[in-house]
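Here is a protein model to look at.

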Amino acid sequence: REYFKERMVTEFTYDGTAKQPLLEGNYPEIAEVQYLYYFNQWNQRLDGAPEDTGSYSSMVRLIPQDTEHYQNETWMQAFEITPKKLEADVQVIKSKVYDGGTNMESPKVTISNLVEGDEVDLSATARYDNRNAGRNKTITVSYQMSGKDAGKYLAPDELLLTDGEILPKEIEVGNIVLQSYYYNGSREVP
């Protein structure tokens, strides 16, 4: 039994389909692998193989080809369905006029690998590394998820861009009156 337990695939990434532990390899001495029952992490019996993320177990039975000399092997096998990492296309406006802050206009985000029928909203924020005007500035894009199926996913990793730009702000000067005068030895300007 331990030989077969060590050859079970027990980690899966969520993809919206039912999962069960899988016996890896080809074993001519095994006639059939049966998955009898499924349980969640609280040991509650499920109606069938689970689809959602979480920790599970299944009663596995191996039925040998030679039932005259060998008996069935049965055991509880733990397995896990882990969240799927989202992939996103992001559009960032990399240039702005100096405004004294590091915040940027919110990037536009499109999810490229969401399981059909799942409801997940992915938004992003972008920030410059500092507020000073200049070129080749580092921009960090961070993601936030929401929606009823957000727990089945992981947000994309932060994205670093190194071609940002903060343009100097033009300043307007007003109410300056220039007039000529002659120095009269005084420190006061007329």
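Glu 165 is partly exposed, with 21% relative accessible area. Buried means under 20% relative accessible area, exposed over 50%, and partly exposed in between, using a 1.4 Å probe and protein chains only. This is a predicted model: local features need pLDDT of at least 70, side-chain atom pairs count only at pLDDT 80 or more, and totals for chains, interfaces and linings use all residues. Residues are numbered from 1 along each chain as its sequence is written, and side-chain values use heavy atoms, with hydrogens and water left out.

**Salt bridges**

- Glu 165 forms a salt bridge with Arg 135, and their closest N and O atoms are 3.2 Å apart. A salt bridge here is a side-chain nitrogen of Lys or Arg within 4 Å of a carboxyl oxygen of Asp or Glu.
- This pair links distant parts of the chain: Arg 135 sits in strand β13 and Glu 165 in strand β15, 30 residues apart. Strands (E, at least two residues) and helices (H or I, at least four) are DSSP runs, numbered from the N terminus.
- Arg 135 counts as exposed, at 68% relative accessibility.
- Side chains of opposite charge can pair when their charged atoms come close.
- The whole structure holds 10 salt bridges.
- Another one joins the side chains of Glu 6 and Arg 7, at 3.7 Å from N to O. Glu 6 is exposed, at 62% relative accessible area. Arg 7 is partly exposed, at 27%.
- Lys 152 and Asp 149 also form a salt bridge, with the closest N and O atoms 3.1 Å apart. Lys 152 is buried, at 15% relative accessible area. Asp 149 is buried too, at 7%.
- Salt bridges link Asp 52, Asp 118, Asp 149 and Lys 152 in a network.

**Strand pairing**

- β13 and β15 pair in the antiparallel sense over five bridges. Two strands pair if DSSP finds at least two bridges between them.
- Gly 134 stands opposite Ile 166 in β15.
- β12 and β13 run antiparallel and are joined by eight bridges.
- Ser 123 has Gln 144 in β13 as its bridge partner.
- Five residues lie between β12 and β13, and the two strands form a hairpin.

**Nonpolar core**

- The largest nonpolar core has 30 residues, and Phe 4, Leu 23, Ile 139 and Val 141 touch the most other members. Such a core is a set of buried Ala, Val, Leu, Ile, Met, Phe, Trp, Tyr and Cys residues joined through side-chain atoms within 4.5 Å.
- At least two core residues come from each of β4 (30-39), β6 (54-64), β7 (73-82), β12 (121-128), β13 (134-146) and β15 (159-167).
- β12 supplies the largest share, four residues.
- In soluble globular proteins, nonpolar side chains tend to be buried together.
- Leaving aside neighbours within four places in sequence, Leu 23 is in contact (heavy atoms within 4.5 Å) with Phe 4, Arg 7, Met 8, Ile 30, Val 33, Tyr 35 and Leu 62.

**A buried loop residue**

- Asn 113 lies in the loop between β11 (108-111) and β12.
- Asn 113 is buried, at 13% relative accessible area.
- A polar atom of the Asn 113 side chain lies 3.0 Å from the backbone oxygen of Lys 85.
- Beyond its neighbours within four places in sequence, Asn 113 is in contact with Lys 84, Lys 85, Leu 86 and Glu 87.

Conventions: A polar contact is a pair of N or O atoms within 3.5 Å; within protein, one must be able to donate a hydrogen and the other to accept it, and residues adjacent in sequence count only if both atoms are side-chain atoms.
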